[in-house]
Amino acid sequence: MVKDEKESANRPDNTAFTQQRLPAWQPMLSAGIIIPGFVLIGLAFIGIGVVLFISSRSIQVLEMDYTGVEQKSACFKCSDPTVKDCICSLEFSIDSLFKGPVFMYYGLSNYFQNYRRYGVSKDYNQLYGDLTYFKTPSDTCAPYVYDKNKPIVPCGSIANSMFNDTFRLYQSVGTNGTKKQVPFDGKGIAWWTDYNIKYRNPSVVPLMDAFNGTTKPIFWSKTAYELDPTDPNNNGFINEDFLVWMRRAALPDFRKLYRRITAGDYAEGLPAGNYSLEISYNYPVLSFGGRKKVVFSNVSWMGGRNEFLGIAYLVIGALCVFMSIVMLIVYAKFKFPDDE
Amino acid sequence: MSFFGLDCVRKKEREQERKLRANDREYNLPFRYATNAIKTSKYNFFSFLPLNLFEQFQRIANAYFLFLLVLQVIPQISSLSWFTTVVPLVLVLSVTAAKDATDDINRHRSDNQVNNRKVQVLIDRKLRSEKWMDIQVGDIIKLENNQFVTADLLLLSSSEPLNLVYIETAELDGETNLKVRQALPVTGDLGGDMEKLADFNGEVRCEPPNNRLDRFTGTLTYAGQKYPLDNEKILLRGCTLRNTEWCFGLVLFAGPETKLMQNCGRTTFKRTSIDRLMNVLVLCIFGFLAFMCTILAIGNYFWELHKGTEFTIFLPRPDGNDAAFSAFLTFWSYVIILNTVVPISLYVSVEIIRLGNSFYIEWDRKMYYARNDTPAEARTTTLNEELGQIKYVFSDKTGTLTQNIMTFNKCSINGKSYGDVYDYTGQRLEITEHTETVDFSFNPLADPRFMFHDHALVEAVKLENPEVHAFFRLLALCHTVMAEEKTEGELLYQAQSPDEGALVTAARNFGFVFRSRTPDSISIVEMGKQRSYELLAILDFNNVRKRMSVIVRSPEGKLSLYCKGADTIIYERLHQSCSKLMDVTTEHLNEFAGEGLRTLVLAYKDLDEEYFNQWKQRHHEASTTLEDREDKLDQLYEEIEKDLLLLGATAIEDKLQDGVPQTIEQLSKADIKIWVLTGDKQETAENIGYSCNLLREEMNEVFIISANSLEDVRQELRNARTCMKPAAAENSVFLPERILGKGVKVVADDVVNGEYGLVINGHSLAYALESSVEQEFLNTACMCKAVICCRVTPLQKAQVVELVKKYKQAVTLAIGDGANDVSMIKAAHIGVGISGQEGMQAVLSSDYSFAQFRFLQRLLLVHGRWSYLRMCKFLRYFFYKNFTFTFVHFWYAFFCGFSAQTVYDQWFITLYNLMYTALPVLGMSLFDQDVNDVWSFQHPQLYVPGQLNLYFSKKAFFKCALHSCYSSLVLFFIPYAAMYNTVRDDGKDVADYQSFALLTQTCLLFAVSIQLGFEMSYWTVVNTFFVLGSLAMYFAVTFAMYSDGMFLMLPSAFPFIGTARNSLNQTNVWLTIFLTSILCILPVVTYRFLMVHLCPTINDKVMFKVRQAKAMPPPPPRRARIRRTSSRRSGYAFSHAQGYGDLVTSGRFLRRPAVSRSSGFAHGRPTTGFSPMGRSAGYSPTGRPQNTKTPDVEVTSLQMYRSIRDPAL
């Protein structure tokens, strides 16, 4: 026996793996699976598409451009870059209840937040509250690292170009033109992770002291620690408007959440009526052909309004059903060649 | 000397002539000849890293990634972090380095082992045991029996008479028969006397080191006399001393300067056709990459010009950057981003897949030969997929198709045929392993390995049938076999050809034991009685005579001539009285030949004493004349070999290996053309051709080309072609040809109706291979189903292979077992060695080796086909997944100002090829099979797509690219449209860059994984695990990297914190993923379905069949033994060289003959220049020198070391 073993010392092992006999499932594109599969997928898609389409349609959106390109536009006067501290007012009316919660967005177009050089121009460590980077911001922030030899905090192009138009919404109440301000809620417009983890103020009290020896971004009118005079927890790097801005957009046309309308009489939504939006117009976009707009919208389970998904599902569902018919015809006509 | 591994030895001017003096190290020192230390390793401890890295970066792919790395550290250009390139590059480099290191360690080990062998050297008048590496030129060393020759030596003296030594040259040329070397008498007189040897101060002048194994020129000056030296006095390193107690030699060349080492040229690196295609494609891809980058750079230029200048309020340009400069930088930035079209992991994965498939070959139990415990071996791991594309197989005959074992199978004695077994009813039985064998126990000297099944013959011997006795007596006497009897009764025959061995062994077993011979006597044991026959003459074999005879005097004093030879020749010389017997025997001969046996006819004649004496006198005169000696001898032989009496005929089976006919049939069904290239004679080759099913009776015609001039050969070839295809005769040299690359024309295959065979003779082949006829030859040969070239030299074998390689765009495979096949094995795209008995040379230079020819069908039809299929699927899918990945960046460029912004997270880019998609595709390429091996055999046609390059070609590649283009469009624009101006269900951002990146990369991963699922036709547990595991890993890694913890550790490396949590909890994100996945897959499924039904491929058909059968197909019917009824008859079967008769009678072969050394015999007549012809007999009708290309016997250094290490000593 021992001798036998020795003689076949080189005999390969007889396992399913070495002999390539592993049990396996060998699927095949047979008509019996493909055609019903297509029909099923098609029907499912049409179903999903219908639901998506209807729910997207149910979302109310009100979009207003206030760039002021046209002369008759309310903000035309402000579009001149030489005019400072300009305030303009957009009048609009709502026919039926704009169901709440209503979100107010500002939108920019032709704005390349996704340009690579723009995108890298920030300092994560500084924004994380690391004081050493207050003194010497990272080179990635170029060209906004130093201003007159003082380090810029927060440094970089993104921070520097923060959107600084502000809005106030009034509803005309009664006939005499009394205006009632619609309360905006600026809390919880940024991601929880951004607010709590990604961005952090230095743990210096008061916050102002941390910024000693630094300067504010060139385009900013206020320093970072006094962005929101009403709420000390909304200042510095965790100011929610700042956070929203810093989450740069993927595409050159984008919207960013400005405020939520959740409080008081407007918790149920914006009732029908006339409204006026008071805009302090600061942000220059005309020089690069950009547009600014405000958008009021509510949301559904599928997020904001986007009809594309619903339509795409419908179209592809229909296509599947159609293709299954074509395949059925081909299958019936050609069958499978039984023998070569 | 070589501290840094670089052999930075002095550059000495080329040696013109070698001068050395024996026993004089001081004298030899100034010449700085190499010592006997050898070094095949490349690196040492210190040089490994720099040298290895240097080598690796010479590879274009590695250099390319190094270049990318350099680009990435330039801040203006860097669009990706350095780690995206460094991580894979380091991985690849270290894997390769580890492999190189282990290889080199092995080489070091074998170097050490060889260098530290001991040998006895004469130093200070004493023999001392020294290491091999300390041997120097000019030393005198003593070798003992069975030792390896240490260096190239001049033989000085030996223990044997006449200063002969016997050597085995298997390591050098694979021939196992012993060869003889003889020392000069003047040095031979030194004998074993230490004093004399120590005083020996001969000076040798000889040629400088070279690699010619068969030639040596030099002179020895000793005691004022000059003696010429030639190859006969030289022992080459690598030989083994046999049958010689000891010998002394003078070292002429040592270590790296020995002929063996000079032959250690590196083997040319073989690449597969897929490799070459891949190189072309990679170049195309580089071009395409440059094209894409240019487009994007131009786009960037215009963007900067129109929008960028305006956008400078928010994004000022660095000083001095204008649009053009920005475009320039963008170009390079995009080179970095889009580099994934040529991913570094491609090359690594390809190697892994090949390695895996090589392991399958080694692991295959169905290619394991139990009898000598040899598994198949994949010696090269880089050629696997080419095994699935073989179009031409060039096969050696002896030892490859046949076992090179001759068995005495049948005989016809006095009109009675023996050898068949019949049952009670008189029905002939098939002889199998279980058939009862004849018991030879009555004969103590019988060879136990000899088998015979017909009891009648033994009965006849025992009954003392005189004809039967005469028959075997003839076989025991008429031959040139040498017997060696080490211990009493244990006989070992050294036969010059296996046929002779078989005949003598047969006689031995039937009671006529050839025991020993001296130059003038033969002793045999006849039925237990010792008898000594006086050997009076050997009428030797030659090609014209085709017979040999001996004249002997029996102990009783009776003179007889015994003759054996080819039937036609002997029949002419028979006495009329045997005419009746002739008829019966002819019938038997036809029957034997019909079964593919080699036949010989035996005849004898009693001689008259007087006549013989007179003849002997004339013979003596003739053999001493100087002119026309051959002719005169022939006449004399002719005269005496007549009026012979027929004894009978023998039938020897040149045993085919198991399953050869079936294999050949299978391969030809797979449209593989088989050419047999053999050194054998035409008749033998043709015969084997029939018995192994290569040539068939049903063939329309078998052309035989055997003309002796260029024009005649051309004409014969042309005639053959006219016969096959009348229309295409004249102008077909200029038939559809395509220009290929370097101006070489590719000849298209002609389509021929009917089956034809071609047999071409060696001398005709020499003409056919001349450049003016070679196309004619190739065209004709390729129209035939089977081609047999006989009497081919090793060089010609390689030339034939080269010819086909040159004009046919086809993959060739050469299979052989002997040293004479080495050249062809190296020349062909794939060389396969049969690990048989005939030395290791063929195996050592082969790419694959196994023990039996029949394994070839499994290697090709199963392993080759699968490897090819897997590799093609892998490449198609791999390019698809990377193109898709990369093209998305291209589309995104139009929306991000051509700023080289990546779509995905950088970590995703780093890990995509390395982690997320590596295992599933590897799993597919290691496990996939369309149909299992049984079905592969059942439908050899499945092999054809590989030959036609159908699975992966430029067209397939282009389709891949288009498919990727579609997928990338879907993968970019569906998320784009779905996310456009939308928000999360709590109103927050979801269209930001990071969420978009996450969405796109998730869509991408789903799409490519599902696509993989459709590519894969064999889902094992492992595959499923890999696919699902990779997806799971993606989510695990993504969530981990986007987690708070990672961010807190390295805020700037993991900026995507929270993205996964915030976006993957959204319904619309998942709906988008679902939509893109389905949309990517639907057209593929539809297309496949329609293709399968509208124009199904052979694979589709077979797979459909398999599906229908569900169960295993019935085992293929066992083929009955093929019996031919033709009258083709083998000729004189011996693959025999002339001149052995002389040797036998001269006694040179015999150990310790009675003659003493001083008898004067030593200086007898000049011998005919004994040069063993063996199987590698040279042959060159055109007068070209043989082996002008010495690569014939090259071995790579590594291989050589194996060969030196291996032999069981």
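## Working through a two-chain model

In chain B, residues 24 or more positions apart account for 75% of the contacts with a separation of 6 or more, a contact being heavy atoms within 4.5 Å. This is a predicted model, where local features need pLDDT of at least 70 and side-chain atom pairs count only at pLDDT 80 or more, while totals for chains, interfaces and linings use all residues. Residues are numbered from 1 along each chain as its sequence is written, chains are lettered from A and ligands numbered from 1 in the order in which they are written, and side-chain values use heavy atoms, with hydrogens and water left out.

**Exercise 1.** Work out how strand 27 of chain B is covered and what it pairs with.

*Solution.* Start with the elements: chain B has 40 helices and 36 strands. These are DSSP runs numbered from the N terminus (helices H or I, at least four residues; strands E, at least two). Of its 1209 residues, 60% count as buried, that is, under 20% relative accessible area with a 1.4 Å probe, protein chains only (exposed is over 50%, partly exposed in between).

Now zoom in on strand 27, residues 673–677: five of its five residues are buried. Lys673(B), Trp675(B) and Leu677(B) sit on one side, with Ile674(B) and Val676(B) on the other.

Next, look for partners; strands pair if DSSP finds at least two bridges between them. Strand 15 (residues 390–395) runs parallel to strand 27, joined by four bridges, and Val393(B) has Ile674(B) as its bridge partner. Strand 32 (residues 786–789) is also parallel to strand 27, again with four bridges. There, Leu677(B) stands opposite Cys789(B).

**Exercise 2.** Is Asn882(B) buried or exposed, and which residues does it contact?

*Solution.* First place it: Asn882(B) belongs to helix 27 (residues 855–893) of chain B. Asn882(B) counts as buried because its relative accessibility is 0%.

Then list the neighbours. Beyond four places in sequence, Asn882(B) contacts Thr340(B), Pro343(B), Tyr912(B) and Asn913(B). With Asn913(B) there's a side-chain polar contact of 2.8 Å. (A polar contact is a pair of N or O atoms within 3.5 Å; within protein, one must be able to donate a hydrogen and the other to accept it, and residues adjacent in sequence count only if both atoms are side-chain atoms.)

**Exercise 3.** Find what Asp104(B) touches beyond four places in sequence.

*Solution.* Asp104(B) is in helix 4 (residues 83–115) of chain B. Its relative accessible area is 3%, so Asp104(B) is buried. Its contacts are Ser41(B), Lys42(B) and Tyr43(B). For Tyr43(B), the backbone nitrogen lies 3.0 Å from a polar atom of the Asp104(B) side chain.

**Exercise 4.** Describe how chain A and chain B meet.

*Solution.* Count the residues: 99 from chain A and 109 from chain B take part in the contact. Then take the area: the two chains bury about 9200 Å² between them, 64% of it on carbon and sulfur atoms. Buried area here is the accessible area (1.4 Å probe) that two parts lose on being put together, summed over both.

Now for specific links. Three salt bridges cross the interface, each a side-chain nitrogen of Lys or Arg within 4 Å of a carboxyl oxygen of Asp or Glu. One pair meeting in a salt bridge is Lys256(A) and Asp989(B), at 3.7 Å, N to O.

Finally, check the strands. Strand 1 (residues 24–25) of chain A pairs antiparallel with strand 36 (residues 1019–1020) of chain B over two bridges. In strand 36, Thr1020(B) is the bridge partner of Ala24(A).
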